[in-house]
Amino acid sequence: MTSKITRRDFLQSIGAGAALFAAPALRLSAQEQDAPLRPTLLQGDAVPERPVVKIAHCCDPQLGFDGPDAYEADLKRLEKEIEKVNALRPDLVFFAGDMVHKCEDLEKDWPALLQKINAPILVAPGNHDIPEPVTGENVARFVKVFDREYSSLEFNGWRFIVLNTQYCRPESDPTLYTAQVEWMREELAKAKEAGQNLIVGSHIPPYVKSPDEEDAYFNIPLTYRGEYLDYLATHNVCFYLAGHTHTTLQRDYKGLPILNGETTSKNFDKRPFGFRFLQVDSKLNYSWTFHPVE
């Protein structure tokens, strides 16, 4: 039986070479395989009924992406994005990681920026926030600014779970993934008991184009991907929000929308700077609209 490790254990031991062992498989039980599917989600330009969920989906602010000289321009766009987000009065603001280009800059402006946001905030660590190989020092820096490296929030009868995909990378100690999986199982069980719909967010998406694509910089390794996706798709997860790709993507995995939005740092697909606003009504109709930032 795999023993649990805590964040405290990790921060104390990661630099000392924790023992490696295989991550637990997220295989579905027979009961879970036979569970009824959740209602079909229907996307439109607007939701027919009053939305019960309103989330600002902000991807890769990545201050300083094009070098130190670009930092101030990125910061100004981000400040404008925050103003626009506040005007929409979301239930939650989700930042899909890569808050800065160099992790040493996390403490430079983000503590003050967080104070300007008038809504609960969840942040997924990006590969530039907690670089590879993962070290206790870099995790501690991220936690100092954003409180947790994976977390959840309940609101309006929903639960939003944020995962740290840096713990899925090949260079990371598998015990970190194991601890996160155990925590995620508990969160999903709590949501089921409470009758809550779920949203999962992370920096790196499960995949870019195809669920069985080869391992690459922009996806979660196949070692974890298939069982991970099937587990989420059968546990009432209604949306998966991600960043990292710097391209706008919409795909569907067994009825689970996987969404990557625009950034305020650099869009490789030449999309304008901006963010996405997810609204969902009680019947799971949803809209995922673009809001530009000049």
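This is a predicted model: local features need pLDDT of at least 70, side-chain atom pairs count only at pLDDT 80 or more; totals for chains, interfaces and linings use all residues.

Q: Where else is a positive phi found in a residue other than glycine?
A: Asp 60 has a phi near 45°, and His 246 has one of about 55°. Asp 60 belongs to the loop between strand 2 (53–58) and helix 3 (71–88). His 246 is placed in the loop between strand 8 (237–242) and strand 9 (249–253).

Q: Are Asp 60 and His 246 buried or exposed?
A: The relative accessible area decides the matter, and a residue is called buried when the value is under 20%. Asp 60 has a relative accessible area of 0%, so it is buried. His 246, at 4%, is therefore buried as well.

Q: What share of the protein's residues is buried, and what is the extent of its accessible surface?
A: Of the 294 residues in the protein, 54% are buried. The accessible surface amounts to about 13300 Å², and carbon and sulfur atoms account for 51% of that area.

Q: How many helices and strands does the protein have, and what share of its contacts join residues at least 24 apart?
A: The protein contains seven helices and 12 strands. Among contacts between residues at least 6 apart in sequence, 71% join residues at least 24 apart.

Q: How is the packing of two helices described?
A: Two quantities are used for packed helices: the angle between the axes and the distance between them. For helix 4 (residues 106–115) and helix 5, the angle is about 20° and the axes are 9 Å apart. Helix 4 is therefore roughly parallel to helix 5, and their crossing is right-handed.

Q: Which residues of helix 4 and helix 5 meet?
A: Helix 4 contributes Leu 106, Glu 107, Trp 110, Pro 111 and Leu 114, while helix 5 contributes Arg 141, Phe 142, Lys 144, Val 145 and Phe 146. By class, this contact comprises seven nonpolar, no polar and three charged residues.

Q: Why do residues three or four places apart in an α-helix point the same way?
A: An α-helix has 3.6 residues a turn, so residues at that spacing point the same way. With that idea in mind, one may look at the buried residues of helix 5, which are Gly 136, Asn 138, Val 139, Arg 141, Phe 142, Val 145 and Phe 146.

Q: At what angle do helix 3 and helix 4 cross?
A: Their axes cross at roughly 15° and come within 12 Å. Helix 3 is therefore roughly parallel to helix 4, and the crossing is right-handed. The contact involves Tyr 71, Leu 75, Leu 78, Glu 79 and Ile 82 of helix 3, together with Lys 108, Asp 109, Trp 110 and Leu 113 of helix 4. Six of the contact residues are nonpolar, none is polar and three are charged.

Q: What is the handedness of the crossing of helix 6 and helix 7?
A: That crossing is left-handed. Helix 6 (residues 174–194) and helix 7 (residues 222–233) pack at an angle of about 15°, with axes 12 Å apart. Helix 6 is therefore roughly parallel to helix 7. Tyr 177, Met 184, Arg 185 and Leu 188 of helix 6 meet Tyr 224, Tyr 228, Tyr 231 and Leu 232 of helix 7. This contact has seven nonpolar residues, no polar ones and one charged residue.

Q: Which two residues does a cis peptide bond join?
A: Omega is the angle to inspect: the bond between Glu 132 and Pro 133 is cis, with omega about -5°. Pro 133 lies in the loop between strand 4 and helix 5.

Q: Is Val 134 buried or exposed?
A: Val 134, which lies in the loop between strand 4 and helix 5, counts as buried because its relative accessibility is 9%. Its C-alpha atom is separated by 6.2 Å from that of Ser 172, although the two residues are 38 residues apart along the chain.

Q: Which residues does His 128 touch, not counting residues up to four places away in sequence?
A: His 128 touches Gln 62, Asp 98, Val 100, His 101, Lys 102, Cys 103 and Tyr 217. His 128 lies in the loop between strand 4 (121–123) and helix 5 (136–146). Its relative accessible area is 18%, so His 128 is buried.

How values were computed. Residues are numbered from 1 along each chain as its sequence is written. Side-chain values use heavy atoms; hydrogens and water are left out. Helices (H or I, at least four residues) and strands (E, at least two) are DSSP runs, numbered from the N terminus. Buried means under 20% relative accessible area, exposed over 50%, partly exposed in between (1.4 Å probe, protein chains only). Contact means heavy atoms within 4.5 Å. Axes are lines fitted to C-alpha atoms, for helices over the stretch in contact, and angles run from 0 to 180 degrees between N-to-C directions. Angles under 35 degrees count as roughly parallel, over 145 as roughly antiparallel, 65 to 115 as roughly perpendicular and the rest as oblique. A crossing is left-handed if the near helix is turned anticlockwise from the far one by less than a right angle, and right-handed if clockwise. Ala, Val, Leu, Ile, Met, Phe, Trp, Tyr, Cys and Pro count as nonpolar, Asp, Glu, Lys and Arg as charged, and the others, Gly among them, as polar. Accessible areas come from the Shrake-Rupley method with a 1.4 Å probe; for residues, only the protein chains shown count as cover.
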